[in-house]
Amino acid sequence: MSAESNYDPGLPIRLLHDRVLVQLEGSDGERRSTAGIVIPATASMGKRLSWAKAVGVGPHVRSIVTGDRVLFDPEDRAEVELHGRAYVLLRERDLHAVAAERVDTDSTGLYL
C-alpha cells in the first residue's frame with residue numbers, strides 16, 4: 001500500500017515513518033453516563049483511554065488506515081493545530097486498539 005493512498009489530500013502535511021494523525025471524538029468536557037447522568041469535566045477519574053479517528057497515516061504504518069477508530073492514552077500525546085483544527089500526533093506503537101469494519105471477528109484488532 002503506497003503512502004499516497006493513506007494520505008488525506010485536505011491535510012497540508014505528509015506524515016513520516018510510523019506516525020498517525022488523529023482527531024479526537026467528542027470533547028474533553030462533560031459527558032453522560034449510559035444512564036443519562038451528566039459527569040462534569042472536573043470529576044476525578046482513574047486513567048482513561050480515548051477514542052479518535054485516524055485522519056492521516058505515515059508510509060510505515062501497518063495496521064491502521066485513514067478513517068479507522070483508534071484507542072490511545074491521552075496523556076501520551078503531541079497536539080498540533082492545522083487550519084484551525086486540533087489534532088493529535090502519535091506513533092503506531094502508542095495505539096492500543098483499532099476498531100474498524102475490516103477487522104476480522106477472529107482477530108483482536110490489537111497492534112502489539
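What share of the 112 residues of the protein count as buried? The figure is 27%.

## Confidence of the model

The protein has a mean pLDDT of 75. Of its residues, 65% reach a pLDDT of 70 or more.

Residues 1-7 have a pLDDT that stays under 50. The model gives this stretch 12 contacts beyond four places in sequence. Where pLDDT is low, the predicted coordinates should not be read in detail.

## Overall content

Eight strands and zero helices make up the secondary structure. Read from the N terminus, the order of elements is β-β-β-β-β-β-β-β.

Contacts between residues at least 6 apart in sequence can be sorted by their separation: 63% of them join residues at least 24 apart.

## The six-stranded sheet

Six strands form an open sheet in the order β6-β7-β1-β4-β5-β8, and their pairing is antiparallel. Strands β6 (78-82) and β8 stand at the edges; each has a single partner strand, so one side of each is left without a neighbour in the sheet. On average, neighbouring strands of this sheet are turned by 40 degrees against each other, direction ignored.

In a regular strand the side chains alternate between the two faces of the sheet.

## Strand pairs in detail

Strand β1 (residues 19-24) is joined to strand β7 (residues 85-91) by four bridges, and the two run antiparallel. Within this pair, Arg 19 has Arg 91 of β7 as its bridge partner.

Strand β5 (residues 69-72) takes part in two of the pairings described here. With strand β4 (residues 50-57), β5 pairs in the antiparallel sense over four bridges, and Trp 51 has Leu 71 of β5 as its bridge partner. With strand β8 (residues 95-99), β5 is again antiparallel, joined by four bridges; here Phe 72 stands opposite Leu 95 in β8.

Ser 50 belongs to strand β4. Its relative accessible area is 19%, so Ser 50 counts as buried, the cut-off being under 20%. Leaving aside residues up to four places away in sequence, Ser 50 touches Val 70, Leu 71, Phe 72 and Pro 74.

Arg 48 sits in the loop between β3 (38-39) and β4. With a relative accessible area of 47%, Arg 48 is partly exposed. Pro 74, one of the residues touched by Ser 50, is 26 residues from Arg 48 in sequence, yet the C-alpha atoms of Arg 48 and Pro 74 are 7.9 Å apart.

Asp 68 is found in the loop between β4 and β5. Is Asp 68 buried or exposed? Asp 68 is buried, because its relative accessible area is 5% and the limit for buried is under 20%. The side chain of Asp 68 reaches the backbone nitrogen of Val 65 at 3.1 Å.

## The salt bridge

How many salt bridges does a search of the whole structure find? The search finds one. Its members are Arg 19 and Asp 18, whose closest N and O atoms are 2.9 Å apart. Side chains of opposite charge can pair when their charged atoms come close.

Arg 19 is partly exposed, at a relative accessible area of 23%.

His 17 has a phi near 55 degrees, a positive value in a residue other than glycine. His 17 is placed in the segment before β1.

His 83 lies in the loop that runs between β6 and β7. This residue is exposed, because its relative accessible area of 68% is over 50%.

How values were computed
Residues numbered from 1 in each chain as written. Predicted model: local features only at pLDDT ≥ 70, side-chain atom pairs only at ≥ 80, totals over all residues. Heavy atoms only, no water. Pairing = 2+ DSSP bridges. Buried < 20%, exposed > 50% of the residue type's maximum accessible area, 1.4 Å probe, protein only. Salt bridge = Lys/Arg side-chain N within 4 Å of Asp/Glu carboxyl O. Axes fitted to C-alpha atoms, helices over the stretch in contact; angles between N-to-C directions. pLDDT = per-residue confidence, 0-100. Contact = heavy atoms within 4.5 Å. Polar contact = N/O pair within 3.5 Å; in protein donor to acceptor, adjacent residues only side chain to side chain.
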